[in-house]
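Reader: Please give me a close look at a single part of this model, namely the side chains that pair up with other parts of the chain. I would like their surroundings described as well, with the cut-offs behind each term.

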Amino acid sequence: MYIVKRFLIMLLTIWVIATLTFVIMKFIPGDPFASDGDVLPEEVLQNIRAKYNLDEPLPVQYALFMKNLAIGDLGPSIQSETRSVNSIIAEGAPASALLGIQSITIALIFGLSLGIIAALNHNRFIDYASMMVAIIGISVPSFILAPLLIKYFAVDWRLLPVASWGTWQHTILPSLALAATPLAVIARFMRSSMLEVMNQNYIKTANAKGLSTFQLVLKHGIRNAIMPVVSFIGPLFVALITGTFVIEKIFAIPGIGRYFVDSIFNRDYPVILGTTIFFSAILVITLFLIDISYRLIDPRIKLSSGGE
């Protein structure tokens, strides 16, 4: 029952987001059919608006929008008449997904390792050094780190390519720029959680039984300490996999974030609506799956409306 309830809430959330986005789009100032301040003749405007159902009353537009959304049709792009929103998302999503997956992988591997090492060496040099790295990672935004990476690794040292897309080498610098902040946050979360877990009585009992530090960390520490990190990973994963707008612009990556930014400047309402709903749907679905994963990580968590 809990899973069914959460699934229904997920569908309701997506519907609410789609409705709010649709309403907000109608109040955005400006005309998507005006170019550089030039207004088309009224007869032409009427024909174009009829093509996109913009001449219909608002309730009718909403009904048509929801009907198309229910079958997965996000409509045609206004600025690119030969392309649909679905094709734009399908074209940009793979690049954004690849970049996001690489970034989250880097952040998880190094963030978890850094947090565990810092916790096991509490109040020692390694702990202070790890947390210093984490503070720097949190303090320096990705749009500041990205130009620095370009300057040293691409321009000065000529180790990696930049401002293009095509091979795995082109993904390294943007992935590092995206991974820095989440890596630092994961390290701090894991350190705090690991310190708390390692001071629990069952850890002390296991230690008294002769288990090595490696066994304690692997069998008891990580599994219990990782729950706060899992809660953080959900929204982070969605943010990275659906594209980070600034990074995609800086590195000229043909991802979905670039199309979203361009659609705002061009007032391409169908693309804005489609990409927003796409982002939101992935976020809501990911949070739903993470709720289910809690039970797999910790069997003590019961997936029932009345259970703890």
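Author: What follows begins with the chain as a whole and then turns to the paired side chains and their surroundings.

The model is predicted, so local features are taken only where pLDDT is at least 70 and side-chain atom pairs only at pLDDT 80 or more, while totals for chains, interfaces and linings use all residues. Residues are numbered from 1 along each chain as its sequence is written, and side-chain values use heavy atoms, with hydrogens and water left out.

The chain has 13 helices and zero strands, where helices (H or I, at least four residues) and strands (E, at least two) are DSSP runs numbered from the N terminus. Its C-alpha trace spans about 85 × 60 × 30 Å along the principal axes. Of the 308 residues, 39% are buried, a word that stands for under 20% relative accessible area, with exposed meaning over 50% and partly exposed in between (1.4 Å probe, protein chains only). Among contacts (heavy atoms within 4.5 Å) between residues at least 6 apart in sequence, 71% join residues at least 24 apart.

The structure holds four salt bridges, each defined as a side-chain nitrogen of Lys or Arg within 4 Å of a carboxyl oxygen of Asp or Glu. One of these four joins the side chains of Arg191 and Asp127, with an N to O distance of 2.7 Å. This pair links distant parts of the chain, since Arg191 belongs to helix α7 and Asp127 to helix α5 (residues 125-139), 64 residues apart. Both partners count as buried, Arg191 at 17% relative accessibility and Asp127 at 1%.

Helix α7 (residues 169-198) also carries Ser193, which is buried at 10% relative accessibility. A polar atom of the Ser193 side chain lies 2.7 Å from the backbone oxygen of Ala225, which falls within the limit for a polar contact (a pair of N or O atoms within 3.5 Å; within protein, one must be able to donate a hydrogen and the other to accept it, and residues adjacent in sequence count only if both atoms are side-chain atoms). Apart from neighbours within four places in sequence, Ser193 is in contact with Asn224, Ala225 and Pro228. The UniProt record, an unreviewed entry, annotates residues 172-190 among its transmembrane regions; such positions are given in the numbering used here, feature names are shortened, and annotations may be inferred rather than shown by experiment. Over residues 172-190 the model is 100% helix and 0% strand, with the end C-alpha atoms 25 Å apart.

A second salt bridge to consider is that of Lys151 with Asp156, whose side chains meet at 2.8 Å, N to O. Here Lys151 is partly exposed at 39% relative accessibility, and Asp156 is partly exposed with a relative accessible area of 39%. Lys249 and Asp262 form another salt bridge, with the closest N and O atoms 3.0 Å apart. Lys249 lies in helix α11 (residues 245-250) and Asp262 in helix α12 (residues 256-265), so this pair ties together parts that are 13 residues apart in sequence. Lys249 is partly exposed at 42%, as is Asp262 at 26%.

The surface also bears a nonpolar patch, made of Phe143, Ile144, Leu148, Tyr152, Trp157, Leu159 and Val246, with about 690 Å² of accessible area together. Patches are built from residues with over 30% relative accessible area and no salt bridge, like charges being joined within 9 Å and nonpolar side chains (Val, Leu, Ile, Met, Phe, Trp, Tyr) within 5 Å. The areas come from the Shrake-Rupley method with a 1.4 Å probe, and for residues only the protein chains shown count as cover. Helix α6 (residues 142-156) gives the largest share of the patch, four residues. Leu148 lies in helix α6 and is partly exposed, with a relative accessible area of 41%.

A further side-chain pairing involves Gln61 in helix α3 (residues 58-70), which is buried with a relative accessible area of 11%. A polar atom of the Gln61 side chain lies 3.4 Å from the backbone oxygen of Leu54. Not counting residues up to four places away in sequence, Gln61 touches Phe22, Lys26, Asn53, Leu54 and Glu56.
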